[in-house]
Structures are given as C-alpha cells and as structure tokens.
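Me: I am new to this structure and would like to learn how to read its features. May we begin with the ligand?

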Amino acid sequence: MVYLDNNATTPLDPAVAEKMSLFMKEHFGNPSSLYPIGREAKEHVTRAREEIAEALGAHRSEIVFTSSGTEADNFALMGILDACPDKREIVISAVEHPAVMRAANHLEKKGYRVAYVPVDSTGTIDLDFLRDAITPQTALISIMHANNEIGTIQPIETVVRLAKEKDVLVHTDAVQTFGKIDVNVEKMDVDLASISAHKIYGPKGVGALYIRKGTHIQPFIHGGHQEKGLRAGTENTIGIVGFGEAARIVMERGKKDRTHIDKLAEILKKGIENGIPKVRFNGHPERRVKNTLNFAFPGLEAEAILLALATKGIYVSTGSACSSESEEVSHVLLSIGLRPEIARSSIRMSLGRFNTEDDVRAVLRELPEIIDRLRKISAFDPEE
Ligand code: PLP
C-alpha cells in the first residue's frame, strides 16, 4: 500500500499505539474520582496536557480537550459568541474546513452576520477585504493556519495585527499545521487554536482547543465539571494519553520528519510536472505545507484517477475527506478561481512520516500511464 492521504488521517505511530495499549490495560479510573486509580488517570491526562501545551508553546491550563478538531472549531466560534452577547458578527475565510464553514453557516441561520474573506489564485486571503470586514460588532476572526486541500499557509501574523488594532479575538484552525510546521501560539499571538490528534499520528476522536489565558468563552458542551467546566463529559483518557505521546514525538522528531517529507514531496511534484502533460498545480508555490500536493488533470474526473490509483494500491483523495462522499465541487478549488470542471479533475496527495522514496517512485511509475490511458478514452483535447 502506498498511503498518500495523510491530510485525511495519519497512521497511528507504533510508539503511540504502545503507550495507549499499556495505559488501557492498567488504568480504567475516571479522572474525576478522588481515590488513587482516579488520581492516576488524572495525572496521565495532565502529563498529556503538558506535552501538547509544550509543543504549542502554551501553558497546560490553556489546553481544553475535545472530541475532535471539528468540536474544537465549533467550540471556538459558538463559545466566543456566547461570551459576548452584544456582538453579532464573525469573519472567516472562504476556504475554511467544513468544521468552521458549516458552523458559521449555522450561525448565519441563527441571525449572526458572517463575512467570508475571499482568496486569490494561490489560496491566500485578501487582507484588505479582511481589514474592511471588521466592524465594532465583530466578536471573532477565524482564519485557518493552512488549508487541508491545497496546503496554502495564511498570513496569520498580519491577521492578528489587524485584529488587535480593533480589539477583536483571533481563532486559527491549526489542524493541518500542528506537527507539520512551527505552531507556536505565543509567537503567532492568536487567542484560540484548534488541533487534532489523528493528523499527528495519534488516535482519532480526540482534539484540543488552545484558549489563551483570560479569554472569555462559554462552554459548547454542557454537563459535568471536566476541563474546568469548559468541556463537559468524562475525558477520553486513552485517546488523550495517545495525543500527548503523539505531540511528544512531534517535538522529538519534528525537524527530521519535515526534511524527509519535504524532500519526497519535492521529488513527487517535479516528477508529476515533468512527466505528465497539461497538469496544473493548485496552491501557493511557496507558502504552503509542503506535504500537500494538489494537481488538476484537465479533461478527467478526479474520481476515475483515484479509483485507478487505488487498484494499484495507491491511495490519494479528491479533496477534504468530509466532502469526498458528496457530489459537491470543492469550495476551496472554486474559491481559487478554478472552473468547476478543472476543480473536478483535481486530486490531492498528502505525504507523511511513514512515506518512502519507493512510494514516490510507485506514483511516478503508475500515474502518467493512468492519466494517459484515461485521457485516451475521454474527450480530452490536448490542444485545447
Ligand atoms: N480542520 C481542518 C483544517 C481539517 O483538515 C480537519 C480534518 O480534516 C478538521 C478541522 C477536523 O478535524 P477532526 O477530523 O479531528 O474532526
């Protein structure tokens, strides 16, 4: 198997699996219980919180565990609006993940105003539009750190500067950057940031929201007193322990992974651009997470390419995992100005820690043949 869909999810790192397995066998206590097995479970959760906080440049008291990146995003938007009832507006980008986009759409239906900041052909937000979109009614700006489909990194530092001038909070969805590039919340100066364990070789079903100390936010899930009353529900202790270990490994070998992945991605990109006629690269040439490669193959349907690659054991995607089952054309690719038929011809390859040069060679061997064969049976006109 050649797995090139690491932005959808990553395989569990064996060290994370080992740590979770040991914990699972030995610790079933509820962290809220006061007797020793409860306290032990709580200590493990605290250690994981410290590890994640350290990897983010935060303090452990600023990390709230959630069930996913999706919940962290929803929590950020709803929680901040709930905490400032006199403000009725938020600003997001046009290329947000559905976890922010649909949450914002829902808020619109409830009467809030949402400004959608457009992007240019590289997927970078329009900062002038953003500046003008901020009003005295704006409670929050939520701009993703990097895009999951094309990898473009947003100028968060400038977003923060513009927001601070008008005293507005900033949330960033860092699900696709945490573990891939430096995500230091202190340096970025954001107020809130979402992350997710299964994108960093940790387990699925656990995420976290960084909330800067002193930020006024209301809970999104109501119930018990867990997470200092900010996120009710008995903690996913096994998942949290795995998340902590995955974050520790990111700190330990982040640079090494990055060099390895960037090198493979560059070989793959050049090989595709040089080996396949009429291919179009989608995304920013430089300011992007380098593991993410998105290409359009005009004249073809991405699904046909994906299925043909899958028969060779090569797994890629047609965009965000959340939209791959729907017929929708990617809102990200449309936002960067692609015509719907070009967007529909685009596939995403995302590399990860466990990919090898052999994987890249396999793609460069199979993909040109597949594209050539599919184009021969389609109405593709290479002169067009
Ligand atoms: N935000 C971004 C940018 C993502 O890529 C994803 C997952 O694909 C999410 C949020 C949602 O994270 P989770 O799968 O943990 O809900």
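Me: How far is an oxygen atom of the ligand from an N or O atom in the side chain of Thr70?

Reply: A polar contact is a pair of N or O atoms within 3.5 Å; within protein, one must be able to donate a hydrogen and the other to accept it, and residues adjacent in sequence count only if both atoms are side-chain atoms. In this case, the side chain of Thr70 has an N or O atom 2.6 Å from a ligand oxygen atom. This is a predicted model, in which local features need pLDDT of at least 70 and side-chain atom pairs count only at pLDDT 80 or more, while totals for chains, interfaces and linings use all residues. Residues are numbered from 1 along each chain as its sequence is written, and side-chain values use heavy atoms, with hydrogens and water left out.

Me: Is Asn294 buried or exposed?

Reply: Buried means under 20% relative accessible area, exposed over 50%, and partly exposed in between (1.4 Å probe, protein chains only). Asn294 is buried because its relative accessible area is 2%. This residue is found in strand S10 (residues 292-296); strands are DSSP runs of E of at least two residues, and helices are runs of H or I of at least four, numbered from the N terminus. The side chain of Asn294 reaches the backbone oxygen of Glu149 at 2.9 Å.

Me: What is Val170 in contact with, leaving aside its neighbours within four places in sequence?

Reply: Contact means heavy atoms within 4.5 Å. With those neighbours set aside, the partners of Val170 include Leu140, Ile141, Val190 and Leu192. Val170 belongs to strand S6 (residues 169-173) and counts as buried, since its relative accessibility is 0%.

Me: At what angle do the axes of helix H2 and helix H8 cross?

Reply: Axes are lines fitted to C-alpha atoms, for helices over the stretch in contact, and angles run from 0 to 180 degrees between N-to-C directions. The axes of H2 (residues 36-56) and H8 (residues 237-275) cross at roughly 35° and come within 8 Å. Residues of H2 that meet H8 include His44, Val45 and Ala48.
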